Amino acid sequence: YNDLMEANKEPIPRDLYYGLMNEGELTILFADTGIGKSIFAYQMAEHISQTAQVPYLDLELSKKQFEKRYSNDYREHYQFNSNFLRVEFQRPFFVPDGVSYDDYFMQSLVSAIDGTGAKIVIVDNMTRLISGDTDKAQSAKPLMDKLNNLKFEKGLTLLLLEHNKKTDPHRPIQLTDLQGSKMRTNFADAIFSIGRNSFDPNQRYVVQLKCRTDEAIYNRENVSVYAVVKENSLLHFKYNKSCAEVELVKEQTEGDIEDR
C-alpha cells in the first residue's frame, strides 16, 4: 500500500506515440532489413518532437541518404521540427587508451544528451554498435546494461532499433525473432515489430509483442496496416486499416517449398 501511495505522487507517464512508446520506458523496435524501421522511427521522432526534444542517433543513413528520403529529388526538403535533433556517431579508428569501445560510445552519448537536456533518445540501430555475433547475449549485454543504467540515472525514455534473425516469412512474428531475444526481452519494457503484408509488397503492419504498462493495443488480432508513401517530401507509414495478423501472413504452398 505504501508503494502505491508513493507511486501516486509521481506524474503519470505520457503516451508518446499511440500506445507504442511510453515515457520513462526502454522500448525496442525490431524488424527485417529494408522493411522500413528507420522510416517508422523517424516518423515517431517527428511526432514526439512537437512537444519535446528528441536526439535521433542515426547509425544507418549518410547525410545524402537522409536528404534523399526527406526531399523531392534533393529539392523541396521536408522541414522537421526544431526539437528533432539528428545525431551521427562515426566509429573511431581508435579509442583513447584504457577506454573500451562501449565506454567511448556511452561517453559520447551522455555528452550529446547533456548538451541538449533531452529526456527522449532514439538509437538506430543497436546492431551497428555491437561487434561480433549480436545474437549472443554476451556480445550485447554490456552495452544494454549501460543503456539501462543510463535510463534510470537520467530519467530517460529510450527507443532502440534492432535487426531480427533470419525468419520464415510464412508465419506470424515472434519475440524469439529478435536477435539475443531472451536477454533483450528482460531489459525492455515494451517491444514491437514491423512485418510485411504477404499479399501486398507495398504494405507493412505493426504488432506489439511486449507491453508492461498496459495491455497491447496492436495485438495479433488488431495489427495496424500501413502503406509506405512519400507526401510533401515526407517518407512515412500511412495508416490503411486494422486486422488480424493471420490475414497478412501467406501460407506456404508446395510451390514455395520447391522454390526454396
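The sections below take up the basis of the model, its salt bridges and its strands.

## Basis

The model is predicted, so local features need pLDDT of at least 70 and side-chain atom pairs count only at pLDDT 80 or more, while totals for chains, interfaces and linings use all residues. Residues are numbered from 1 along each chain as its sequence is written, and side-chain values use heavy atoms, with hydrogens and water left out.

## Salt bridges

The structure holds 14 salt bridges, each being a side-chain nitrogen of Lys or Arg within 4 Å of a carboxyl oxygen of Asp or Glu. In one of them, Glu 88 meets Lys 63 at 3.3 Å, N to O; Arg 86 also forms a salt bridge with Glu 88, the closest N and O atoms lying 2.9 Å apart. Asp 58, Lys 63, Arg 86 and Glu 88 are linked in a network of such bridges.

Glu 245 and Arg 220 meet in another salt bridge, at 2.5 Å from N to O. Glu 245 is buried, at 1% relative accessible area, whereas Arg 220 is partly exposed at 29% (buried means under 20%, exposed over 50%, partly exposed in between, with a 1.4 Å probe and protein chains only).

## Strands

Strands (DSSP runs of E, at least two residues, numbered from the N terminus) pair if DSSP finds at least two bridges between them. Strand β7 (residues 203-211) runs antiparallel to strand β8 (residues 223-231), joined by 4 bridges, and 9 bridges join β8 to the antiparallel strand β9 (residues 234-243).
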